[in-house]
Amino acid sequence: MSFTFDSKQIFIDGAWRDGLSGKFVELVDPSTGEMLALVARGSAADIDAAVVAAQAALDGDWGAMTAVERGRVLAKMGEIVLTHIDELAEMEAKDVGKPLTQARNDVIAMARYFEFYGGACDKIHGDSIPFMDGFTVYTLREPHGVTGHIIPWNYPMQIIGRSVGAALAMGNAAVLKPAEEACLTALALGEIAVEAGLPAGALNIVPGIGSEAGAALTAHTGVHHISFTGSNAVGTMVQQSGGEHVIPVTLELGGKSPQIVFDDADLDAAMPFLVNGGIQNAGQTCSAASRILVQRGIYDEVVAGMVAQYKALKVGNALDDLNLGPMISKRQQEIVKGYLSIAKTDGLQMLAQGSYADGLPEGGAYILPTLFGDVSPEHRLAQEEIFGPVQVLIPFDDEADAVRIANCTDFGLVAGVWTENGGRQLRMAKKLQVGQVFINNYGAAGGVELPFGGVKGSGHGREKGFEALYGFSVTKTVAIKHG
Ligand code: NAD
């Protein structure tokens with residue numbers, strides 16, 4: 001079976017309908033610059049209809065389902081996602097400009113989230129609490145109600161899986177606002193939900209512009225929780241908007257994540273992660289390893305290894321499945337070019353670049369992956385999230401120096417540490433101000449089961465793993481006095 005949905009429509013209450021604004025957003029294939037599809041430009045009125053449908057689902061069939069039944073539907077969604085692996089991967093490759101293999105991995109990850117959260121539905125429960133004589137006290141874990149999900153364009157399927165999957169597992173009804181730059185796989189999920197038998201209104205998908213549909217969702221008083229993944233600037237606005245009606249907001253924001261390589265590291269193991277952690281998805285990854293901190297004694301060796309890898313990196317059309325596709329848009333391409341010209345003006349040492357494949361489509365938003373050496377930890381390229389395939393190498397002296405440099409940005413998402421010294425592994429894990437630390441690996445292969453999120457400017461709240469289920473639910477305490 002292949003998808004039949006019309007991208008110009010909105011998915012509300014289990015059915016497709018025209019957007020009330022009558023307007024559309026143009027999706028562009030960033031590999032070619034050509035128009036890919038027209039998508040409905042959801043309005044505040046569409047968001048309102050979606051929230052009403054979600055509340056009705058909570059009051060109706062969806063709210064009445066048991067945890068086991070919810071789990072079965074979610075697991076079914078995961079199963080159906082996998083039956084569409086080729087179609088979804090191609091859709092995502094064209095929409096995001098992501099090389100096909102990486103897009104396929106995203107499909108598998110989305111399926112895995114639905115499987116994981118499907119299995120978790122009936123395994124999370126409240127407690128009974130020993131209390132005063134004559135009382136029985138217990139807690140219930142209840143859904144917030146209607147949850148709003150605002151997601152970016154870089155990993156739509158993975159972020160939908162981890163956020164919508166966990167929210168539905170706890171019995172919330174979701175309204176999803178995907179990004180205006182890429183939202184086709186998000187829309188496809190509507191069709192998958194129907195096929196899996198998800199009750200109408202449990203999941204509603206309203207594409208559109210951030211300042212319109214997104215802002216309307218965060219301001220809607222019928223929404224009880226917001227999960228936002230995106231930039232710090234918009235995250236701040238979302239937090240303020242949610243604060244107006246006192247709802248919890250989870251913020252998954254940007255990063256400037258380091259991989260830290262000590263002189264006792266297994267360099268053969270580390271080397272592929274050092275580069276791939278920075279250039280995956282053309283560097284448009286929140287947890288991109290954009291800073292590589294290297295102990296001075298092995299600095300030259302690491303430079304040589306990374307330069308050799310960079311020289312082999314090929315950039316091309318996402319469908320050609322090379323190392324890197326294009327940036328998501330010409331705008332993002334300009335932002336990255338801006339950083340490259342700052343580097344030039346400031347005389348940064350450019351160590352290596354990748355190369356373009358032959359016959360690159362002219363309209364694509366391509367940029368070469370670029371590696372800079374001996375960069376000051378305070379330089380803008382070592383401090384700001386570039387969101388492109390640019391990595392900086394920063395030498396350090398000792399453990400204390402590595403910790404100081406690693407922690408010296410406004411962000412705190414993830415960090416990688418490469419060392420064979422067990423004591424140092426433990427000390428570094430403790431001292432790094434981040435939400436996830438990877439020792440002798442980077443990214444733990446996605447880690448669906450592993451709680452994820454930031455500290456400092458990288459946000460707050462946790463998604464992924466069981467911990468997300470606590471975030472997507474609320475504790476109710478029941479104290480019964482029976483004598
Ligand atoms: P963005 O903040 O511009 O957009 C994200 C989403 O917010 C989009 O759906 C957009 O339509 C919506 N939006 C925009 N204005 C809004 C408003 N006023 N009210 C409500 N919603 C609004 O981010 P982006 O450029 O699409 O994504 C890149 C950023 O996302 C980077 O900073 C990256 O690090 C971050 N990110 C973080 C994670 C994580 O898990 N921590 C994952 C992926 C991306």
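This is a predicted model: local features need pLDDT of at least 70, side-chain atom pairs count only at pLDDT 80 or more; totals for chains, interfaces and linings use all residues.
Where does Glu420 sit? Glu420 belongs to the loop between β19 (414-418) and α15 (422-431).

## Around the ligand

The ligand is surrounded by 30 residues. Arg162, Lys177, Glu180, Ser231 and Glu385 are the closest.

Several polar atoms face the ligand. Ser231 places a polar side-chain atom 2.6 Å from a ligand oxygen atom. Gly230 has a backbone N or O atom 3.2 Å from an oxygen atom of the ligand. At Ala215, a polar backbone atom is 3.5 Å from a nitrogen atom of the ligand. Alone, the ligand would expose 850 Å². The protein buries 89% of that area.

Which elements give two or more residues to the shell around the ligand? They are α6 (156-169), α8 (210-219), β10 (225-229) and α9 (232-244). The most comes from α8, with 4 residues.

## Salt bridges

The model has 19 salt bridges, counting a side-chain nitrogen of Lys or Arg within 4 Å of a carboxyl oxygen of Asp or Glu. One of them joins the side chains of Lys76 and Glu79, at 3.6 Å from N to O.

Both Lys76 and Glu79 lie in helix α3 (residues 67-83). They are 3 residues apart, about one turn of the helix.

Definitions and conventions:
Residues are numbered from 1 along each chain as its sequence is written. Side-chain values use heavy atoms; hydrogens and water are left out. A residue is near a molecule or strand if one of its heavy atoms lies within 4 Å of it. A polar contact is a pair of N or O atoms within 3.5 Å; within protein, one must be able to donate a hydrogen and the other to accept it, and residues adjacent in sequence count only if both atoms are side-chain atoms. Accessible areas come from the Shrake-Rupley method with a 1.4 Å probe; for residues, only the protein chains shown count as cover.
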